[in-house]
Amino acid sequence: MRLPLHRLRAVAACCLTALGVGLAVASFQGSEPTSAGGHDHHAAAPETRPPVDMDRIVAATRCPRPQEQGRAADYRQVVCQSPQGRYTIMTFATAAGKDAWLEAAQPYGGTYLVGDRWAVVATPALLGDLRAELGGELREHGHHGP
């Protein structure tokens, strides 16, 4: 499925914002690659949890004042500064939108917790704790830029 140009631009703009945050976090804290392929290949437990949406993710981060950074018909982006650290949270209308965003984000590096139609960018330690509550798959991409 191909995204219309205006949606692709919105996804790309959102991606660049989230990736900038992720890159800033990664520059403050070193991270170790999880594998040569750049992905954490731990098997996820079967999903028996309620669906994950923006409100549930924000509650799990214990973010007192989430700040919406972008919203369109096909995505929503929120940045949270919680007592534990900073999170960039993305939710998507479709799994294809999430996949397109992740594909565009890969060259920028960072660590992501990824679910069906959502992704969270933060430090590996924060994402590990969040994964215990929300599920999802940890993905780590090395920075491939100049």
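Student: In this predicted model, what share of the contacts in the chain with a separation of 6 or more is accounted for by residues 24 or more positions apart?
Tutor: The model is predicted, not experimental in origin. A contact here requires heavy atoms within 4.5 Å. Among the contacts with a separation of 6 or more, residues 24 or more positions apart account for 57%.

Student: In what order do the elements of the chain run from the N terminus on?
Tutor: The secondary structure comprises four helices and six strands. Read from the N terminus, these elements follow the order α-α-β-β-β-α-β-β-α-β.

Student: Which residue in β3 is the bridge partner of Y75?
Tutor: Strand β2 covers residues 75-81, and it pairs with β3 in the antiparallel sense over seven bridges. The two strands form a hairpin with four residues between them, and G85 in the turn has a positive phi of about 155°. Within this pairing, the β3 bridge partner of Y75 is F92.

Student: Which residue in β5 is the bridge partner of I89?
Tutor: Strand β3 also pairs with β5, residues 118-121, in the antiparallel sense over four bridges. In β5, the partner bridged to I89 is V120.

Student: How many residues of strand β3 are buried?
Tutor: Buried denotes a relative accessible area under 20%. Across the 146 residues of the chain, buried residues make up 42%. Strand β3, residues 86-92, is mostly covered, and the number of its seven residues that are buried is six.

Note on methods
Residues are numbered from 1 along each chain as its sequence is written. This is a predicted model: local features need pLDDT of at least 70, side-chain atom pairs count only at pLDDT 80 or more; totals for chains, interfaces and linings use all residues. Side-chain values use heavy atoms; hydrogens and water are left out. Buried means under 20% relative accessible area, exposed over 50%, partly exposed in between (1.4 Å probe, protein chains only). Two strands pair if DSSP finds at least two bridges between them.
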